[in-house]
Amino acid sequence: MKIPHSFSEYTEAYRESVANPEKFWAEIADDFRWKKKWDKVVEWDFHKPEVKWFTGGKLNVTENCLDRHLPARANQTAILWEPNAPQEPTRKISYRELHEQVCRVANMLKKHGIKKGDRVCIYMPMVPEVVFAMLGCARIGAVHSVVFAGFSSRSLVDRINDSQCRLVLTADGAYRGDKKIDIKGIVNSALDKCPSIEKVIVLQRTHTPVEMKPGRDLWWHDEMAQVAKECAAEEMDAEDMLFILYTSGSTGKPKGMVHTCAGYLVSIDYTFRTVFQYTPDQVFWCTADVGWITGHSYIVYGPLSAGATTLMFEGIPSWPDMGRFWHVIEKHKVNIFYTAPTAIRSLQTASLDFVEKYDLSSLRLLGSVGEPINEEAWQWYHKNIGKEKCPIVDTWWQTETGGIMISPIAHVTKLKLAHATLPLPGVQPVVMDERGNVMTENSIEGRLAMRFPWPSMARTIYGDHQRFKDTYFSTFPGHYFTGDGCRRDEEGYYRITGRVDDIIIVSGHNMGTAEIESAIDEHSAVAESAVVGFPHDIKGQGIYAFVICYQKPQEEEKVKNEIRETVAKIIGPIAKPDKIQFVNGLPKTRSGKIMRRILRKVAEGDVANLGDTTTLLDPAVVEEIKNGAV
Ligand code: PRX
């Protein structure tokens, strides 16, 4: 695989990838293990929309992540696992051991009737077994749907039912700092409402006593002991589903993004090697949770496909103290560190003693993902963690894109503060004006779209292709619309300015305002609500809820806390509003549409610039909202 190592190699690769995408991607795909080569590299029509890569090709993703590395790397550490508590021993899982464990999971699933195409829900803590589980599904062609273990029971129900999962892989509990999370209890309460689930396999992690339902629930260790350590890899069509991953949308219902086998593998491997310039024997650490796309692509599939050593961390950055990340870097001599701006901003508030205590000299490269990185965080990260020697790759991408799209290439692309910089080879961004005209010049600002497919793009929303079309392909017909705004500067460098739709990014997590509103509305005192984002020092954006109650609450703080708990119960603690303001009315147009622009200004504290309010049904509500801002 030809990876660009200099700026001229990048520009040449980029030029080729646009001039002849079929040839460009075929050369990359040639390096993988295929059971049968493809007939056609790409077939696509963004109007339908339909996208297919490597049609006619047959392969299995796990053969590429595991079997093909065994001759040279059987004893190399594939997963380096750092537990929540620093005193607990580290685990090192070699490629050989990983292969065996994945085969055992595959056989365990088969034993319980799981076949190619069946959906399996994974609701597990950050332990190596979650990787065994994902790859075990992929081994036999079952489709995994990993649900972040911080999501509530209700969120789990929605996700299991939407894709009709047959089996759940979970654990008796999870550690999170000094807390133990009862994830089996959450699964138990969800499953009363999930008739499609036949079996639950439970890993022992915390050894907390849990309720096991006879006939349905089984112990992971018992089941794994009964099955063989070899399992032939299922032959998969290039376009067969590899996994479903849910992401928030602008309606209350999450979208099950569907990723397929070959295109995903090829892009993720290529972007991993290119952006991070990975060389053998380096230790790569991505701090995301496997429940998000970043974990799927850059803890699991990318590094393993590239034969890397991927560090997986169970804990949190602030426990036992604010030096935990830096401790892990020293302990495992991490070379590449990939995290989110929200983590940097929170660690930045702690004393520098927590950083200076540790030897960070193994670091060669830093990465950032999930939201725009602000200049102050960038500077702090660059100076104190990278010691002004390590480039920072600010990687822009989405659950829907599967892999990194716009990003510096380490040591290759000139860095610009807070810019995602340039598109990777194979990525063809366009900037649109509000009327949907492509702006071809530089020094412009508009909306970011793509005019050509790339192999790891999501193919559909599970069970709702029309929604896929409406969400991504209708705003600018013939183009994929990202939902983000951006600037392109005089040199053609991109800076992502944030979402232009009703999605807010809180601590790097995508959340739909409609989803939070419908959760708030479930509180019995609430008649209606409207949620907007506001700038937050640590989280990037915070959640500000304007709430109308049937009757003015007597004890406001008590009701606010209850509302927060309602949201935590329905979605998960990450969606709790930071600020709640009780109001008597919301600014609505005569057609009943909430004017969020006004609410956003209030939430931002910019009440002097509310703009035109004359089209409102009742302009008086604005005065009340302004005066009661929290
Ligand atoms: O708004 C962009 C923001 O995160 C959104 C995608 O969120 P999600 O699907 O959860 O995936 C996050 C991990 C890839 C994007 O539409 N975003 C992501 N990375 C960046 C970013 N915004 C600015 N700069 C980034 N580097």
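This is a predicted model: local features need pLDDT of at least 70, side-chain atom pairs count only at pLDDT 80 or more; totals for chains, interfaces and linings use all residues.
Trainee: How many disulfides does the structure hold?
Mentor: A pair of cysteine sulfur atoms counts as a disulfide within 2.5 Å. For Cys 121, the nearest cysteine sulfur is that of Cys 165, at 5.1 Å, and for Cys 231 the closest cysteine sulfur, in Cys 103, is 5.5 Å away, which is too far for a bond. For the structure, the number of disulfides is 0.

Trainee: Is Cys 231 buried or exposed?
Mentor: A residue counts as buried under 20% relative accessible area. Cys 121, with a relative accessible area of 1%, is buried. Cys 231 has a relative accessibility of 4%, and therefore Cys 231 is buried.

Trainee: Which side chain is joined to that of Gln 398 by a polar contact of 2.7 Å?
Mentor: Gln 398 sits in the loop between strand 20 (392–395) and strand 21 (429–432), and with a relative accessible area of 7% Gln 398 is buried. Leaving aside neighbours within four places in sequence, the residues in contact with Gln 398 are Ile 293, Tyr 480, Thr 482, Asp 484 and Arg 499. From Thr 482, the backbone oxygen lies 2.7 Å from a polar atom of the Gln 398 side chain, while the side chain joined to that of Gln 398 by a polar contact of 2.7 Å belongs to Tyr 480.

Trainee: Which side chain makes a polar contact of 3.0 Å with that of Arg 345?
Mentor: Arg 345 has its place in helix 13 (residues 341–348) and is buried, with a relative accessible area of 7%. Not counting residues up to four places away in sequence, Arg 345 touches Glu 371, Pro 372, Asn 374, Ala 377, Asp 537, Ile 538, Lys 539 and Gly 540. The side chain that is joined to that of Arg 345 by the polar contact of 3.0 Å is that of Asn 374.

Trainee: Within what arc do the buried residues of helix 16 fall, seen down its axis?
Mentor: In helix 16 (residues 465–472), the buried residues are Arg 467, Phe 468 and Tyr 472. These buried residues line one face of helix 16, because, seen down the axis, they fall within an arc of 105°. Their cover includes strand 15 (255–260), strand 24 (460–461) and strand 25 (480–488).

Trainee: Which element gives the most to the lining of the second largest pocket?
Mentor: The second largest pocket holds about 320 Å³ of space, and of the 20 residues that line this pocket, the closest to its centre are Tyr 14, Pro 423, Pro 429, Arg 488 and Tyr 494. At least two residues of the lining come from each of helix 1 (7–19), strand 21 and strand 22 (438–439). The element that gives the most to this lining, with 4 residues, is helix 1.

Trainee: Which helix gives the most to the lining of the largest cavity?
Mentor: The count comes to 2 cavities of 30 Å³ or more, and the largest cavity holds about 70 Å³ of space. Its lining has 13 residues, of which Trp 25, Ser 267, Thr 271, Ile 404 and Val 427 lie nearest the centre. The helix that gives the most to the lining of the largest cavity, with 3 residues, is helix 10.

Note on methods:
Residues are numbered from 1 along each chain as its sequence is written. Side-chain values use heavy atoms; hydrogens and water are left out. Buried means under 20% relative accessible area, exposed over 50%, partly exposed in between (1.4 Å probe, protein chains only). Contact means heavy atoms within 4.5 Å. A polar contact is a pair of N or O atoms within 3.5 Å; within protein, one must be able to donate a hydrogen and the other to accept it, and residues adjacent in sequence count only if both atoms are side-chain atoms. The arc is that of the directions from the helix axis to the C-beta atoms. On a 1 Å grid over the protein atoms alone, a cavity is a set of points where a 1.4 Å probe fits but cannot get out, and a pocket is an open set with protein on both sides within 12 Å along at least five of seven lines; lining residues have an atom within 4 Å of a point. Grid points are joined across faces, edges and corners, and a volume is the space filled by probe spheres set on the points.
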